[in-house]
Amino acid sequence: MQLISIENYPGKDFEVLGMVKGAIVQTKNVGRDFMAGMKTLVGGEIVGYTEMLNEARQIATKRMVDEAEALGADAVIGVRFGSSQVMQGAAEVLAYGTAVKFRE
């Protein structure tokens, strides 16, 4: 499955199959919270949170791709990511785009 962030696929004619998305709500764990609190005292990257959000983006992307494959898509164009806090200590990560089928 090809994933691109631009709205058109250069050199390809395609049929739009519809919007596809994948989402996950990920929570922080106590160990990461403690270490994050310690890190705020000295500054710098909070590696545990970076890893958590990278994992969440990968899962959301896989769910989006699964949805596109179920439609028979060849690619997803206009891929975007979003995130929001849904409650204290939990964040939603959303991947979405437009599923397309290439014309021969």
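A residue is called buried when its relative accessible area is under 20%, exposed when that area is over 50%, and partly exposed in between, as computed with a 1.4 Å probe on protein chains only. The model described here is predicted, so that local features need pLDDT of at least 70 and side-chain atom pairs count only at pLDDT 80 or more, whereas totals for chains, interfaces and linings use all residues. Residues are numbered from 1 along each chain as its sequence is written, and side-chain values use heavy atoms, with hydrogens and water left out.

Helices (H or I, at least four residues) and strands (E, at least two) are DSSP runs, numbered from the N terminus, and two strands are taken to pair if DSSP finds at least two bridges between them. On this basis, four strands form an open sheet in the order 1-3-4-2, with mixed pairing. Strand 1 (2-3) and strand 2 (14-27) stand at the edges with a single partner strand each, so one side of each has no neighbour in the sheet. Strand 1 pairs with strand 3 (residues 75-87) in the parallel sense over two bridges, and glutamine 2 stands opposite alanine 75 in strand 3.

Helix 2 packs on this sheet and touches strand 1, strand 2, strand 3 and strand 4 (90-102), its direction making about 145° with that of strand 2; contact means heavy atoms within 4.5 Å, and the angle, on a scale from 0 to 180 degrees, is taken between N-to-C directions of lines fitted to C-alpha atoms, for helices over the stretch in contact. Within helix 2 (residues 47-70) is threonine 61, which is buried at a relative accessible area of 17%. Leaving aside residues up to four places away in sequence, threonine 61 touches Leu3, Phe81 and Ala95.

With a salt bridge defined as a side-chain nitrogen of Lys or Arg within 4 Å of a carboxyl oxygen of Asp or Glu, the count comes to five. One of them joins the side chains of arginine 80 and glutamate 7 (3.1 Å, N to O); arginine 80 lies in strand 3 and glutamate 7 in the loop between strand 1 and strand 2, so the pair ties together parts 73 residues apart in sequence. Another joins glutamate 67 and lysine 21 (3.4 Å, N to O), and because glutamate 67 lies in helix 2 and lysine 21 in strand 2, this pair ties together parts 46 residues apart in sequence. Lysine 101 and aspartate 74 also meet in a salt bridge (3.7 Å, N to O), and aspartate 74 is partly exposed, with a relative accessible area of 27%.
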